[in-house]
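Biologist: I would like a close look at a single part of this model. Please show what that part packs against and how its surroundings are put together.

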Amino acid sequence: MAVKIRLRRLGYKKHPVYRVVVADSRNARDGKVIDEIGTYDPNQEPSLFKVDEEAAKKWIGNGAQPTESVARLLKQAGIQK
């Protein structure tokens, strides 16, 4: 089982809001998740990114791979190198 940390899309048309979730890579983007660790709102100025730092580090330590977009957000937040 390949576990990913990725964004789950919410919100309405042309106004996305995302949840940062841990999910099996075989599940659909908005499908079943293992854990919900944060939120990301790109519509605010500056964009709002909140994540449970301990949970993110725990999942990465357990082998979860962040997607490119989540890895960029975690790097900007100073959680991952």
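Modeller: Contact here means heavy atoms within 4.5 Å. The part to examine is helix α2, residues 68-77. Helices (H or I, at least four residues) and strands (E, at least two) are DSSP runs, numbered from the N terminus. This is a predicted model, where local features need pLDDT of at least 70 and side-chain atom pairs pLDDT 80 or more, while totals for chains, interfaces and linings use all residues. Residues are numbered from 1 along each chain as its sequence is written, and side-chain values use heavy atoms, without hydrogens or water.

Confidence comes next. The chain has a mean pLDDT (the predictor's confidence in each residue, from 0 to 100) of 92, and 99% of its residues reach 70 or more.

Now the helix itself. Val70, Leu73 and Leu74 of α2 are buried (under 20% relative accessible area; exposed is over 50%, partly exposed in between; 1.4 Å probe, protein chains only). These three residues lie on the same side of α2, because they cover an arc of only 100° around its axis, taken from the directions from the axis to the C-beta atoms. Their cover includes strands β1 (3-12), β2, β3, β4 and β5 (65-66), along with helix α1. The face of α2 turned away from this buried side carries exposed residues: Glu68, Lys75 and Gln76.

Serine 69 also lies in α2. With 27% relative accessibility, serine 69 counts as partly exposed. Just after the helix, glycine 78 takes a positive phi of about 80°.

What does α2 pack on? The sheet is open, with five strands in the order β4-β3-β2-β1-β5 and mixed pairing. Strands β4 and β5 stand at its edges; each has a single partner strand, so one side of each lacks a neighbour in the sheet. Helix α2 packs on this sheet and touches β1, β2, β3, β4 and β5; its direction makes about 90° with that of β1. Such angles run from 0 to 180 degrees between N-to-C directions of lines fitted to C-alpha atoms, for helices over the stretch in contact.

Two of the strand pairings can be followed in detail. Strands pair if DSSP finds at least two bridges between them. β2 (residues 15-24) and β3 (residues 35-41) are antiparallel, with five bridges. In this pair valine 21 stands opposite glutamate 36. β3 and β4 (residues 48-51) also run antiparallel, joined by four bridges, and a hairpin of six residues connects them. Glycine 38 has valine 51 as its bridge partner, while aspartate 41 faces leucine 48.

Side chains also link β2 and β3. Glutamate 36 and arginine 19 meet in a salt bridge at 3.6 Å, N to O; the cut-off is a Lys or Arg side-chain nitrogen within 4 Å of an Asp or Glu carboxyl oxygen. Glutamate 36 sits in β3 and arginine 19 in β2, 17 residues apart. Glutamate 36 is partly exposed at 41% relative accessible area, and arginine 19 is partly exposed at 32%.

In α1, glutamate 53 and lysine 57 lie four residues apart, about one turn. Their closest N and O atoms are 3.2 Å apart.
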